[in-house]
Amino acid sequence: MSAARKKLLLNAFHMCSPSQSWAGMWTHERDRCTGYTDIDYYIELARLAERGLFDSIFFADSIGLMDKYGGDPAEAIRAGAMAPMNDPTLVIPAMAHATTHLGFGVTANLTYEHPFLMARRMSTLDHLTKGRIGWNIVAGFVNSGARAIGLDHIRAHDERYDMADEYMEIAYKLWEASWDEGAVLRDPAKRIYAQPDHVRRIDHEGAFYRMSGVHMCEPSPQRTPVLYQAGASTRGRAFAARHAECVFLTTSEAPMVRDHVADIRRQAQANGRRGEDVAVIVAATIITGRTT
């Protein structure tokens, strides 16, 4: 007997931009990515992915334009390379409404937004997608994004992950501990929507964040969304091992994939998790021919 087959997770990789890693592909006669500003474009994409039995569509995103080449974003703008770029969180509810089973992973940068607001956004998306949202947790890597919101530069690499660990501590408390399971009654006869004694304030004071407040959203289908992480560094892998359910790897070299997966799953076990519970998604660019 052959070994039991494992389920293959199939995810489409996209961005709300004329092009992502495949910069310049928008010039191809059959490419349609210049429709990225049209909601119908995303609805058709979602229906196509679901019809093709994809598990999810994964949206990349970035805060700030790419400006390494030449020291400014001119070439990125000229080539349509991740520029312009719209907010992917706003198209997902429409895509979810047009589909039934398709999941959605969305990249959202935690460095520039307080966890109280991010937790609210993710809970809202979880409600609107009926429990089909995932969050790709990123801490940023381009200085242009930091400068755009008034900072001189991004924080040091490992410090960004230290912030991210504390950020997730707050997010978990808001999603899981602020509202009890039976808090919401929706009882018109008694004129009680929710029971205040089953809703609690979350207080936190740490190295990077302070907050005191009740989570703004009633419990969503998942409470905590599916968590993605794409950090390949040593510190990034440690963060993924602690938090991620899906790890996104951009390398396709088998030895490197093997070593990264083994390291993440070993660290996951050290954090009291089962290593096999961390799914791994490897990037691949598929070029299809006109015939079989």
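A residue is called buried here when its relative accessible area is under 20%, exposed when that area is over 50%, and partly exposed in between, with a 1.4 Å probe and protein chains only. By this definition Phe239 is buried, because its relative accessible area is 1%. The model is predicted, so local features need pLDDT of at least 70 and side-chain atom pairs count only at pLDDT 80 or more, whereas totals for chains, interfaces and linings use all residues. Residues are numbered from 1 along each chain as its sequence is written, and side-chain values use heavy atoms, with hydrogens and water left out.

A pair of aromatic rings is described by the distance of the centres and the angle of the planes. Rings of Phe, Tyr and Trp (its six-membered ring) pair if their centres lie within 6.5 Å; planes under 30 degrees apart count as stacked, over 60 as edge-to-face and the rest as tilted. The structure holds 11 such aromatic pairs. In one of them, the ring centres of Phe13 and Phe58 are 5.6 Å apart and the planes lie at 20°, so the pair is stacked. This pair links distant parts of the chain, since Phe13 belongs to strand E1 (residues 11-15) and Phe58 to strand E2 (residues 56-60), 45 residues apart. Helices (H or I, at least four residues) and strands (E, at least two) are DSSP runs, numbered from the N terminus. Phe13 is partly exposed, at a relative accessible area of 28%, while Phe58 is buried, at 4%.

A second pair, Tyr161 with Phe239, is tilted, with 5.6 Å from centre to centre and 50° between the planes. Here too distant parts of the chain are linked: Tyr161 is in helix H6 and Phe239 in helix H7 (residues 234-243), 78 residues apart. Tyr161 counts as buried at 11% relative accessibility. Ring pairs also join Phe13, Trp22, Phe58, Tyr228 and Phe248 into a cluster.

The helix packing comes next. Axes are lines fitted to C-alpha atoms, for helices over the stretch in contact, and angles run from 0 to 180 degrees between N-to-C directions. Helix H4 (residues 115-128) packs against helix H6 (residues 157-177) at an angle of about 50°, with the axes 9 Å apart. That makes H4 oblique to H6, where angles under 35 degrees count as roughly parallel, over 145 as roughly antiparallel, 65 to 115 as roughly perpendicular and the rest as oblique. On the H4 side, Pro115, Phe116, Met118, Ala119, Met122 and Ser123 meet Tyr167, Ile170, Leu174 and Trp175 of H6; contact means heavy atoms within 4.5 Å. By class, this contact of H4 with H6 has 9 nonpolar, 1 polar and no charged residues. Ala, Val, Leu, Ile, Met, Phe, Trp, Tyr, Cys and Pro count as nonpolar, Asp, Glu, Lys and Arg as charged, and the others, Gly among them, as polar.

The axes of H7 and helix H8 (residues 254-270) come within 8 Å and cross at roughly 50°, and the two helices are therefore oblique to each other. Arg237, Ala238 and Ala241 of H7 make the contact with His260, Asp263, Ile264, Gln267 and Ala268 of H8. The contact of H7 with H8 has 4 nonpolar, 2 polar and 2 charged residues.

Finally, Arg121 is placed in helix H4 and is partly exposed, with a relative accessible area of 31%. Leaving aside neighbours within four places in sequence, Arg121 is in contact with Thr89 and Glu113.
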